[in-house]
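The following paragraphs lead a new reader through one protein model. Please keep the sequence and the structure in view while reading.

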Amino acid sequence: MDRKAWIVVTLCVIGLGVNQWFSFKNQQAYAAQLALAEANKPKNTEAQPAVPGVATASTDGAATTTPTLSAAKPDAVAAATANLPEEKHSLVSGSVTYHFSSKGAGVAKAVLAAGDKITLNEVGRKTLEPIGALRREATGIDIVPYKIIEKSDKSVTFEGVSADGITIRKAYKLTEGEKSDEHLLALSITLTNTGSVPHKSEEYYLYTGAASSISPDEVLKPSFFWNDAGDADHKDTHSFAGGWFSQEKNEHRASHARLRYGGVMSRFYATIVSRVTPGGDKPGKIWATRFLVDHAGDKYAAYDSAKHDYGIESALSLPPVELAPGASVTEQYEIYLGPKEYHRLSKLEGQRDFIMFYGMFGWISKPLNTIMRWMHDVSGNWGVAIILLTLVIRTVLWPLQSKAQYSMKRMGMLAPKMKELQEKYKDDPQKQQMEVMKLYKDYGVNPVGGCLPMLMQIPIFFGFYSVLQNAAELRGQGWLWVKDLSISDTIYTFNFPFSLPIMGTDFDLNPLPLIMGVTMILQMKLTPQPATVDKSQKIMFAIMPFFFLFISYNFAAALSLYWSTQNLFAIFQSRVMKLYMKDPVLEKVEPKPKGAPSQNPFFNPMNPNQKEKKTKPKTPKLGG
């Protein structure tokens, strides 16, 4: 990209940074208020509160449910489930191992053993409910005593009876067939009313699990998401912190008319719980909250970012349940636990690929993702595939870039004449502007001729940027000295006996961002300067490479590789154009002579063949 495109990107980054700073300050203030309120709260050790979401006896003998006002704490989960018997079972599908527990009757964790080497639903918290736990309130706990009644190497079935006489059966099985995947489980939930009175509830929530960042330094934070009749959206942990116009909140609750799925995701992995019951979409609710990840004892414990590293958890409701005595209802779900790979999710259908959230340039990101994957299949290396795709994109855009540079050169040739006009009419800005526009017209120069081709490149830049930022395929993949394209390409860490501003006590040596910065400086020196560049803009152009080097120094190596490759290509392109493209000649454009009057017989009054319209005398009306 040229200077103007970099200015647009820079302003966007600065705006996002300012918003993040205000959000963080707001978050710190709110946390201090909560700590003060907790310290001043009177302690009550006499009464034991009811367990949230558990049926208890009321004074009139009817069954009631204790309301829950806040998310269940890890200690509360552990205490509520400590006395429940636990049975375990595992299912293996390809490279994925699903570990089931009867405490909550769901997937306690999923171990991805292929190139991922990661465990889902296992984050820095003492206790997590399994995916598939059925809560009687969004923030409650599933404490139904389940037992395994059937199990095999392909399925497992749990059954339990709630305190209000509802028999709950959950049957999990590995998917098979054309639309199956090793990361996809089928879940059937059957509720049977064994009581003597009708049962009606809109508060059955299926726990979709929790997600956290692989590293607390990651820019993309964990999110929860939902799909309402094809309208998919997501919110990350920052959404709970508030911003300029909002305060921090503990949880998110929303109702949707046609809820198709919900779940949680990190940068590269997702848990998607999709309702696939025949009969179409039904109303549903989404609940989510965030929690601090406990880094005590891990390698990130000393990181400042670990102190405010949040994970996310969520649940989605079943459609409203209404059961007569002895009646049953069955809901069918599919649970995806795996990487966010566009090609995999699109094959599974059900709009699961919507969770890629490529943004407004998704129509570009999707084909670029497909092409990059094909280039990987051909080359056998993801780093080579990124380089090849970058070269293809830049080659396709060569005509636009050429036209932009040609226009900017012509603008540069007008610079002396424009300075003369600025000096001549420095006391009359309006007259100066008119003369400048006349100058453009006389020499046939379009003042935005260098901008429009650049603006057309910006969607492709952001589209490919989104692909590389979210590509789970890059995790653990190397290229030359790079061990993992999804993180920074650190080759050495300098440790200092003292603390430096911004850097702290250590500094990572990342070659690719340094190459990106150097090539950006060279590219800008070879790019023709517009005639309208003043001293302040020149200073901005000079510091821009250092600014981008600073903000992108710890970005994923894939992004730095893409930027470095396109900068090198731009340098090569500028050199070729300088050698083989003729310099433009600045000449006045002869005004085009005005054409003859229009010969359209319907609109040309001078047409001799046009007959004059005759007016007939009006017949006088009676009485007039």
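Which element gives the largest share of the lining of the second largest cavity? Strand 18 does, with three residues. The structure is a predicted model, in which local features need pLDDT of at least 70 and side-chain atom pairs count only at pLDDT 80 or more, while totals for chains, interfaces and linings use all residues. Residues are numbered from 1 along each chain as its sequence is written, and side-chain values use heavy atoms, with hydrogens and water left out.

A cavity is here a set of points, on a 1 Å grid over the protein atoms alone, where a 1.4 Å probe fits but cannot get out, and its lining residues have an atom within 4 Å of a point. Grid points are joined across faces, edges and corners, and a volume is the space filled by probe spheres set on the points. Helices (H or I, at least four residues) and strands (E, at least two) are DSSP runs numbered from the N terminus.

Two cavities of 30 Å³ or more are found in the structure. Strand 18 (282-292) and strand 19 (310-317) each supply at least two of its lining residues. By type, this lining divides into six nonpolar, two polar and two charged residues; Ala, Val, Leu, Ile, Met, Phe, Trp, Tyr, Cys and Pro count as nonpolar, Asp, Glu, Lys and Arg as charged, and the others, Gly among them, as polar.

The largest cavity holds about 60 Å³. Ten residues line it, and Ile-393, Arg-394, Leu-397, Tyr-562 and Gln-566 lie nearest its centre. Helix 5 (382-396), helix 9 (452-470) and helix 12 (557-580) are the elements that give two or more residues to this lining. Its residues comprise six nonpolar, three polar and one charged.

Rings of Phe, Tyr and Trp (its six-membered ring) pair if their centres lie within 6.5 Å; planes under 30 degrees apart count as stacked, over 60 as edge-to-face and the rest as tilted. The structure contains 21 aromatic pairs. In one of them, Phe-464 and Tyr-562 have ring centres 4.7 Å apart and planes at 80°, so the pair is edge-to-face. Because Phe-464 lies in helix 9 and Tyr-562 in helix 12, this pair ties together parts that are 98 residues apart in sequence. Phe-464 is buried, with a relative accessible area of 0%, and Tyr-562 is buried at 3%; buried means under 20% relative accessible area, exposed over 50% and partly exposed in between (1.4 Å probe, protein chains only). Both residues belong to a cluster linked by ring pairs, which also includes Phe-361, Phe-461 and Trp-563.

Helix 12 also contains Ser-560, which is buried with a relative accessible area of 2%. Beyond its neighbours within four places in sequence, Ser-560 is in contact (heavy atoms within 4.5 Å) with Leu-512, Pro-513, Met-516 and Ser-552. Leu-512, Pro-513 and Met-516 are among the buried residues of helix 10. Helix 10 (residues 511-526) has 16 residues and spans 23 Å from its first C-alpha to its last, close to the 22 Å expected at 1.5 Å a residue, where the expected span is 1.5 Å times one less than the number of residues.

Note on methods: 1 Å grid on protein atoms, 1.4 Å probe; cavity = no way out; pocket = protein on both sides within 12 Å on 5 of 7 lines; lining within 4 Å.
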